[in-house]
Amino acid sequence: MAAVLVLALTGCEESIPAAGSEKAPGVPGEVQPKAVPLDSTGLMNALPVESEVSDVFTGGDPFAGQGPEAVDHCAKEAGMACTGLIAIGGKDMEARGGSDGTRVEFRLYSFGTEEQAGAVMKGLAAAKLKSSAEYGEPAKPVTLVTVADETVASADDSSADVVLRIGTVVAHIDANDTETAGLEHASNVQVERVRMVAAGRTPGY
């Protein structure tokens, strides 16, 4: 799917936790800087690098896009209109050598407001649950502790979907590692990179 999307797009260019999720406590006295909506360049910078997720991962080039094709792709994934979408981005990673089939896919969707992001986040999470049921292996809610504003996670025996809202950005993580610790780590890496870029800082590589 990533390869098709790369061609279709522009290419290498304290809330209440949701059901099935928890929000990790922040640092006492910590004040999050005010975030600004991210464009396609911002999303490219906000995608994780392999070494942050796991020392065994390798990955392809990140991609990002905006415009009508990005809106259409978002709507297809979320099963609803992606009102206010600014840009989308993504990156796939897999275990070095691909011997054990371990993989994780990161997708980001940037919106103009938190309300728009929140609506699509819920639609995307529901769409992933519906999709798993249609394939005969219904996923079940999974409780994750993350530092995102909102988190909804689900998993079956072989894969997991984590949908996060980080301010005006929705993140979707699709992984075939269903261990809670690994999902929480990948989620928090993604959250922190989005917040860093939204605050005008450059994340490390």
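A nonpolar core is a set of buried Ala, Val, Leu, Ile, Met, Phe, Trp, Tyr and Cys residues joined through side-chain atoms within 4.5 Å. Buried here means under 20% relative accessible area, exposed means over 50%, and partly exposed is in between (1.4 Å probe, protein chains only).

A note on the model before the views. This is a predicted model, so local features need pLDDT of at least 70 and side-chain atom pairs count only at pLDDT 80 or more, while totals for chains, interfaces and linings use all residues. Residues are numbered from 1 along each chain as its sequence is written, and side-chain values use heavy atoms, with hydrogens and water left out.

**View 1. The largest nonpolar core and its contributors.**
Which residues touch the most other members of this core? Of its 31 residues, they are Leu38, Phe106, Leu108 and Leu164. Helices (H or I, at least four residues) and strands (E, at least two) are DSSP runs, numbered from the N terminus. The elements that give two or more residues to the core are helix 2 (40–46), strand 4 (85–95), strand 5, strand 8 (150–155), strand 9 (160–166), strand 10 (169–175) and helix 6 (180–198). Helix 6 hands over the largest share, 6 residues. There's also a second, separate core of 15 residues, which includes Ala78, Tyr109, Ala117 and Met121.

**View 2. Leu164 and the residues around it.**
Contact means heavy atoms within 4.5 Å. Leaving aside neighbours within four places in sequence, Leu164 is in contact with Met121, Thr146, Ala148, Glu150, Thr151, Val169, Val170, Ala171, Ile173, Ser187 and Val191. Take Thr151 from that list: this residue lies in strand 8. Thr151 counts as buried because its relative accessible area is 2%. The side chain of Thr151 also makes a polar contact with the side chain of Thr146, at 2.7 Å. (A polar contact is a pair of N or O atoms within 3.5 Å; within protein, one must be able to donate a hydrogen and the other to accept it, and residues adjacent in sequence count only if both atoms are side-chain atoms.)

**View 3. Strand 9 and its two partners.**
How many residues of strand 9 are buried? The count is 7 of 7. Both faces are covered, with Ala160, Val162, Leu164 and Ile166 on one side and Asp161, Val163 and Arg165 on the other. Two strands pair if DSSP finds at least two bridges between them. Strand 8 and strand 9 run antiparallel, joined by 6 bridges, and they form a hairpin with 4 residues between them. In that pairing, Ala155 stands opposite Ala160. Strand 9 and strand 10 also run antiparallel, this time with 7 bridges, and here Ala160 stands opposite Ala175. Their hairpin has 2 residues between the strands, and Gly167 in the turn has a positive phi of about 65°.

**View 4. Helix 6 and what covers it.**
Helix 6 has 19 residues and reaches 27 Å from its first C-alpha to its last, close to the expected 27 Å. (The expected span is 1.5 Å times one less than the number of residues.) Its buried residues include Leu183, Ala186, Ser187, Gln190, Val191, Val194 and Ala198. An α-helix has 3.6 residues a turn, so residues three or four places apart point the same way. What covers the buried residues of helix 6 includes helix 2, helix 3 (50–53), strand 5, strand 7 (144–146), strand 9 and strand 10. Just after helix 6 comes Gly200, with a positive phi of about 90°.

**View 5. Helix 5 and its packing.**
Helix 5 (residues 114–134) has 21 residues and reaches 30 Å from its first C-alpha to its last, close to the 30 Å expected. Its buried residues are Ala117, Gly118, Val120, Met121, Gly123, Leu124, Ala125, Lys128 and Ser132. They pack against helix 4 (68–78), strand 5, strand 8, strand 9 and strand 10. Just after helix 5, Gly136 takes a positive phi of about 85°.

**View 6. The disulfide.**
The structure holds 1 disulfide (a pair of cysteine sulfur atoms within 2.5 Å). It joins Cys74 to Cys82, S to S 2.0 Å. With -80° about the S-S bond, this link is left-handed. Cys74 counts as buried at 1% relative accessibility, and Cys82 counts as buried at 5%.
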